[in-house]
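Look over the fold shown here. Some questions and answers follow.

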Amino acid sequence: MDYTDTHEDPLLQLLLEQDFLNLEQAEDLFSEHKEEGTSVRQILIARDWMAEEDILGAIAAYLGTDVVDLSLLELEQEVVQAIPASVARMYNVLPIANAMNQVTLATYELISPEVVDELNFVLTNDVCFVLARESDVRAYVNKFYGDDSDSVNDMLNSLESGLDEASDALEMGGADDELGIEEAAGAAPVIRFVNLVMYQAVQARASDIHFEPFESEFRIRYRVDGALYELAPPPQRLALPVISRIKVMAGLDIAERRLPQDGRIQLKVAGKQIDLRVSTLPTQFGESVVLRVLDRSVVSLDLENLGLPPDVLAEFCKDIQKPNGILIVTGPTGSGKTTTLYSALERINEVERKILTAEEPVEYDVEGIVQVPVSEALGNTFGRVLRAFMRQDPDVLMVGEIRDLETAQIAVQASLTGHLVFSTLHTNDSAGAVTRLIDMDVEPYLISSTLEAVIGQRLVRKICDTCKKEYQPDDAMLADLGLVPEDLEGRPFYFGEGCADCNHTGYRGRQGIYEYLSITDPIRELINEKMPTLVIRDKAVELGMRTMRQDGIRNILDGYTTADEVLRYT
């Protein structure tokens with residue numbers, strides 16, 4: 001590891017500089033941090049390499065401050081109320097003194113200069129820091145600020161005057177005045193509100209945040225486990241300042257509101273490293289913005305965690321070790337195709353293999369894999385990138401999506417010349433991938449000679465473990481699933497009653513259901529004969545392939561998901 005790599009984690013760099021770690025230890029830590037998303041601090045403590053007191057002491061020495069024991073301090077309510085609850089939770093800080101226009105904050109993290117500047121601005125006060133144990137800071141934040149379940153509503157209620165100031169700044173210059181927009185976007189209440197929305201999204205395990213302006217309202221929605229939930233709507237006049245604030249954070253042009261833009265935000269929320277992919281779309285009433293949330297601490301690129309049936313997992317692991325061929329993952333948008341592909345790449349990511357990926361955009365940052373973002377606007381198309389890849393001496397290629405004949409032909413030629421190629425297609429099932437390639441005018445004999453396997457997949461919501469209850473399905477539901485009572489062998493179905501852990505939805509988390517089409521000789525013969533999807537599918541089932549519906553039923557009987565979920569997605 002290059003010493004300069006540690007710029008991605010300031011704490012790791014600090015501990016290296018102060019000789020608490022050597023380069024070998026730092027490399028080991030950095031690798032686990034990148035792969036698992038766990039913070040360097042947590043890894044150090046878990047491995048018993050450094051006690052928390054030693055880490056706090058190192059940070060305090062660097063910042064020129066002290067380590068305090070919060071349990072020995074008498075914290076006063078008026079001091080704690082010096083900052084809003086949303087700020088305390090967002091930045092993991094607790095005010096312990098407030099005098100002479102300076103707030104003293106207790107924290108357990110190495111605070112960056114950017115965060116110091118932002119806190120100075122948001123709190124309209126100078127800030128200084130002391131260090132304290134993580135468990136103490138979190139406990140006192142919960143004690144003094146209470147449950148944060150209604151914090152968005154509380155934020156809106158408490159910030160009405162500040163929001164008025166933000167919208168006044170906008171109205172003075174007009175909606176087309178760039179300086180007025182920038183001033184409104186930089187208002188402290190707007191910054192605090194956007195930060196809180198992001199904090200709440202991470203806490204709720206949201207995969208996406210939608211900001212949607214309409215004629216008479218401004219809606220904000222989260223997507224959690226595939227379902228959308230609406231927050232308390234902020235005033236409609238806040239749409240432009242809030243969206244402009246997001247564009248500023250993503251490095252986008254706030255004056256350009258007629259064309260779509262894409263960007264990226266990286267920030268720490270509640271101690272977690274979060275990546276946000278930002279997409280703006282001009283609409284009739286302003287720009288609609290969607291943030292794709294990637295929480296590195298909850299993403300595990302491990303094939304064993306995908307929910308693949310044991311026999312399918314074994315077959316897939318065997319296929320991805322082949323020296324050449326094409327493996328395709330199919331399914332609709334948001335069905336976890338990229339996660340499946342990257343889990344496969346992570347499994348074969350070794351020093352002996354050169355792996356290149358072309359994506360739009362790059363979803364995961366994986367060490368040891370060369371990743372290239374595709375940009376149609378710049379002319380950097382999948383076809384052009386793939387042609388360049390062939391001059392880079394690769395072993396394995398991953399194409400984000402096969403969209404056209406050019407990309408498909410290059411993928412086929414790469415396979416024929418001794419490369420393993422991974423890609424995705426948007427089809428309803430695994431057999432449909434073959435028909436789709438033929439529809440692109442790829443010669444059937446090329447498909448049959450290069451394609452090794454196709455995985456069809458969907459994501460279904462998992463039943464909440466806390467409120468899971470069993471029940472006996474009626475005959476109508478069994479008929480919908482194509483089952484009879486004898487098929488159950490006495491096993492019950494399950495559902496979630498709804499509780500605080502799952503936000504009273506009955507579901508918590510998602511899991512894949514799969515069908516694995518292995519391209520055997522009988523299937524190759526059907527491909528060469530240009531047989532329709534249904535014929536290929538029936539032959540695959542005859543040869544032992546389980547359909548997604550059948551895999552869904554397996555998940556129902558194992559108590560992972562509900563019949564409603566399987567019926568909805570298969």
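Two residues are in contact when heavy atoms lie within 4.5 Å. The model is predicted.

Q: Among contacts in the protein chain between residues at least 6 apart in sequence, what percentage joins residues at least 24 apart?
A: Take the contacts between residues at least 6 apart in sequence. Then keep those that join residues at least 24 apart. The share is 64%.

Q: How many helices and strands are in the protein chain, and what percentage of its residues is buried?
A: The chain holds 25 helices and 18 strands. Its length is 570 residues. A residue is buried when its relative accessible area is under 20%. By that cut-off the buried share is 51%.

Q: Why does the end-to-end distance of helix α15 agree with its number of residues?
A: Helix α15 covers residues 337–348, which is 12 residues. At 1.5 Å a residue, the helix should span 16 Å. The two values agree because the end C-alpha atoms are apart by 17 Å.

Q: Is Ala 344 buried or exposed, and which residues does it touch beyond four places in sequence?
A: Ala 344 sits in helix α15. Its relative accessibility is 0%, so Ala 344 counts as buried. The buried residues of α15 also include Leu 341, Leu 345 and Ile 348. Leaving out residues up to four places away, Ala 344 touches Leu 303, Phe 316, Ile 320 and Phe 422.

Q: How far apart in space are Ala 344 and Asp 302, C-alpha to C-alpha?
A: Along the sequence, Ala 344 and Asp 302 are 42 residues apart. In space, their C-alpha atoms are separated by 7.9 Å.

Q: Which residues of helix α13 are buried?
A: Helix α13 runs over residues 239–249 and is mostly covered. Of its 11 residues, 9 are buried. They are Ala 239, Leu 240, Pro 241, Val 242, Ile 243, Ser 244, Arg 245, Ile 246 and Lys 247.

Q: Which residue with a positive phi follows α13?
A: The phi in question is near 70°. The residue that follows α13 with this value is Gly 251.

Q: Which residues is Val 194 in contact with, leaving aside neighbours within four places in sequence?
A: Val 194 belongs to helix α12, residues 188–203. At 1% relative accessibility, Val 194 counts as buried. The contacts of Val 194 are Val 242, Arg 245, Ile 246 and Met 249.

Q: Where does Ile 111 lie, and which residues is it in contact with beyond four places in sequence?
A: Ile 111 lies in the loop between β2 (102–107) and α7 (113–123). Ile 111 is buried, with a relative accessible area of 11%. Its C-alpha is 9.1 Å from that of Pro 10, which is 101 residues apart along the chain. Leaving aside neighbours within four places, its contacts are Val 116 and Phe 129.

Q: How many cavities of 30 Å³ or more are found, and how much space lies in the largest?
A: A search of the whole structure finds 2 cavities of 30 Å³ or more. The space in the largest cavity is about 60 Å³.

Q: Which helix gives the most to the lining of the largest cavity?
A: β10 (325–330), α17 (405–416) and α19 (444–450) each supply at least two lining residues. Ile 326, Ala 408 and Ile 447 are among the residues of the lining. By class, the lining has 10 nonpolar, 1 polar and no charged residues. With 3 residues, the helix that gives the most is α17.

Q: Is Asp 48 buried or exposed?
A: Asp 48 lies in the loop between α3 (40–46) and α4 (52–63). Its phi is positive, near 65°. Most residues other than glycine have a negative phi. At a relative accessible area of 65%, Asp 48 is exposed.

Q: Is Asp 225 buried or exposed?
A: Asp 225 is found in the loop between β5 (218–224) and β6 (227–230). Its phi is near 55°, a positive value in a residue other than glycine. With a relative accessible area of 11%, Asp 225 is buried.

Technical notes
Residues numbered from 1 in each chain as written. Predicted model: local features only at pLDDT ≥ 70, side-chain atom pairs only at ≥ 80, totals over all residues. Heavy atoms only, no water. Expected span 1.5 Å × (residues − 1). Buried < 20%, exposed > 50% of the residue type's maximum accessible area, 1.4 Å probe, protein only. 1 Å grid on protein atoms, 1.4 Å probe; cavity = no way out; pocket = protein on both sides within 12 Å on 5 of 7 lines; lining within 4 Å. Points joined across faces, edges and corners; volume = space filled by probe spheres on them. Nonpolar A, V, L, I, M, F, W, Y, C, P; charged D, E, K, R; others polar.
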